[in-house]
Amino acid sequence: MKLADLVETLGLEVKSAQNNLARQVTGAYVSDLLSDVIANSAEGNVWVTLQVHVNVVAVAVMKDLAGIILVNGREPQQDTVEKAEAEGIPLMVSGLPTFELAGRLYGLGIRSANVKVSAEPETG
Amino acid sequence: MSQAGPEIKITKTQEMVYEMKVGDVMNRSVISVYPNDRMSKLRGILRRNRISGLPVVEGDCLVGLVSIEDFIKWLADRQDDCPIRDRMTGKLETLYSDDPLVLAIGKFEKSGLGRFPVVDREQKKMVGILTKGDVIEGLLNKLEIDYHEEEIHRYRASHIFEDIEADGTTLLFQYVVKGQDYKQAGASSTRLKRTLKRLGLQPDVVRRVAIASYEAEMNQVIFTDGGNIRARVQPSRVFLEAEDAGPGIADIEKALEPGYSTAPDSVRELGFGAGMGLVNIKKSGDSFDIQSEPGKGTHVSVSFFTNRGKS
C-alpha cells in the first residue's frame, strides 16, 4: 500500500512533502519515544506519534521512514514542517487518537516490521 | 591529437544524432486515414489533433500522405467532396525505424517536408511518424537523461578511495554539537549520514553509523554543554567517536541497561531520555567502548566493519 492510499482512505491532512506520497509503506510503528523508534522501526515504515517537534524529522530521515502520522489532530510546529519539507518527509495529521488510528492501519493490512503475527482467532 | 586548419569538434548533439535511431524518437501513436475517407473528414481530424498532416493507410500498408496544404488546395479548388486517395501525395519519402537520426535530419533539410512516415525495414509496415518536433524532443530528453546521470556520478564521491594513491586512507569528518539545542539536535548525524551515502558506503553500514551517531549526538545535546562527533572512514571500516567535556556518567554499567535514564521530565516529554541511547549505540556497532568520568566527560567509540556479512 502506498502513502497516498493511506492519506485517501484515512482522510489524513498532508502538511509537507506532498509530492513524496508515492512511496510503498512497508509497515507501521507506533511510539513516542525517539530512541525506541530508532531501535525498532524499519525502512519504509509509517510512524505514528504525538510528538510534533522538529526532532521527529531527524529520526524519520535517520531510519528512512516513509512518513509520519501525527495523531489527535496535533499540529506540527512550523519548524517541523519546514524541516520535513526540506528533507522530503511527508508529515500527515489524523484527527483520530493513537489506538483508533493504529486499528485502522491494521485493518488496512499494515503490519509491524519484524513481527510474525500468529494466525488470528476466527470470530463468529 | 592536433589537427591542421579549423579544429573539428564533435559536439554532444552531433554524437547523439549518430547514436540515436529514428525509432527512439518517433511518434508511435499515429493518427491515419483510409484512402477512401472523404476529404471533408480531414478538417475535423487536423483541427482536433493539432497536426498538419497524416499518413494514408490501407490495411497495414502506407499508401500516401495527406497534409494541410493538400486540404487547402482542395478547398480553394472548391471541388466536390472526394476520396482522400485523389488528393493525397502518393510518391512517398519514408524513413526506416533503424535509420540513424542524422539521416532523418538530412532528409528534413533536403526535402523541406514536415514529416516522414517511419516503416519497419523487414516487415515494411508503418510503425510511426517523425516530425522535426519529435527529433528536437527526443534529443532534449536524451540530453536531460545524460545530464542527470552525470550529475549523480559527480555527486557520488564513491570512487574516491580508488582515486587516492596511498597504502592506507582515512577520511575524517568532524561535527560540533551544541548542548541544550533541541532545535538543531540530530543535524550533525543527518549531515554525516548524507556524507557517508555520497561516499557510496553500503546502505546497511550508513544506517548503523547514523543510528549510533544520532544517539550520541542526542546524549550530548541533553546532558552536556556540547561536544563533538568524529567519523573516520576507511575502505574497510568506519570508526565513530563522540566526545564531550562533562558531566560524565557516574554508573556506566547502569547507563548501559535498557530503559535506565537520568533525563529530566522536560526532556522525556519530547520523547528523548528513553534510556535506550547507549543501548542503541552498542547494538548498531561491531565494537563498542565507553570511557567516562564524572566531572570530566565521556568518550564513546564505535567501530563498524564495512564488509560485515559479505564474507
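Because the model is predicted, local features are reported only at pLDDT of at least 70 and side-chain atom pairs only at pLDDT 80 or more, whereas totals for chains, interfaces and linings use all residues. Residues are numbered from 1 along each chain as its sequence is written, and chains are lettered from A and ligands numbered from 1 in the order in which they are written.

In chain A, strand 3 (residues 45-49) and strand 4 run parallel and are joined by four bridges, helices (H or I, at least four residues) and strands (E, at least two) being DSSP runs numbered from the N terminus, and two strands being paired if DSSP finds at least two bridges between them. Within this pairing, A:Thr49 has A:Leu70 of strand 4 as its bridge partner. The chain passes from strand 4 through helix 4 (residues 78-87) to strand 5 of chain A in another β-α-β crossover, which is right-handed.

In a regular strand the side chains alternate between the two faces of the sheet. Strand 4 (residues 67-70) of chain A is covered on both faces, with A:Gly67 and A:Ile69 on one side and A:Ile68 and A:Leu70 on the other, all of them buried; a residue is buried if 20 or more other C-beta atoms, placed from the backbone, lie within 10 Å of its own, exposed if 12 or fewer, and partly exposed in between. In the loop between strand 4 and helix 4 of chain A lies A:Asn72, whose phi is near 55 degrees, a positive value in a residue other than glycine. A:Asn72 counts as partly exposed because 13 C-beta neighbours lie inside 10 Å.

A:Val56, A:Val57 and A:Val61 of helix 3 and A:Thr80, A:Lys83, A:Ala84 and A:Glu87 of helix 4 make the contact, two residues being in contact if their C-beta atoms, placed from the backbone, lie within 7 Å.

Chain B contains 12 helices and 10 strands, and 28% of its 311 residues are buried. Five of the strands of chain B form an open sheet with antiparallel pairing in the order 6-7-8-10-9. Strand 6 (171-178) and strand 9 (287-293) of chain B stand at the edges, each with a single partner strand, so one side of each has no neighbour in the sheet. The twist from one strand to the next averages 10 degrees. Strand 6 runs antiparallel to strand 7 (residues 226-233) of chain B, with eight bridges between them, and B:Gln174 has B:Arg230 of strand 7 as its bridge partner. Helix 8 (residues 187-198) of chain B packs on the sheet and touches strand 6 and strand 7, its direction making about 160 degrees with that of strand 6. The loop between strand 6 and helix 8 of chain B holds B:Gln180, which has a positive phi near 65 degrees although it is a residue other than glycine.

Strand 9 and strand 10 (residues 297-305) of chain B run antiparallel and are joined by seven bridges, with B:Glu293 opposite B:Gly297. Three residues lie between the strands of this hairpin, in which B:Gly295 takes a positive phi near 85 degrees.

The contact between the chains takes 15 residues from chain A and 18 residues from chain B. On the side of chain A that touches chain B, helix 2 (34-40) and helix 3 (55-62) of chain A are the elements giving two or more residues, and the largest share, five residues, comes from helix 2.

Technical notes
A crossover is right-handed if, with the strands pointing away from the viewer, the path from the first strand over the helix to the second runs clockwise. Axes are lines fitted to C-alpha atoms, for helices over the stretch in contact, and angles run from 0 to 180 degrees between N-to-C directions.
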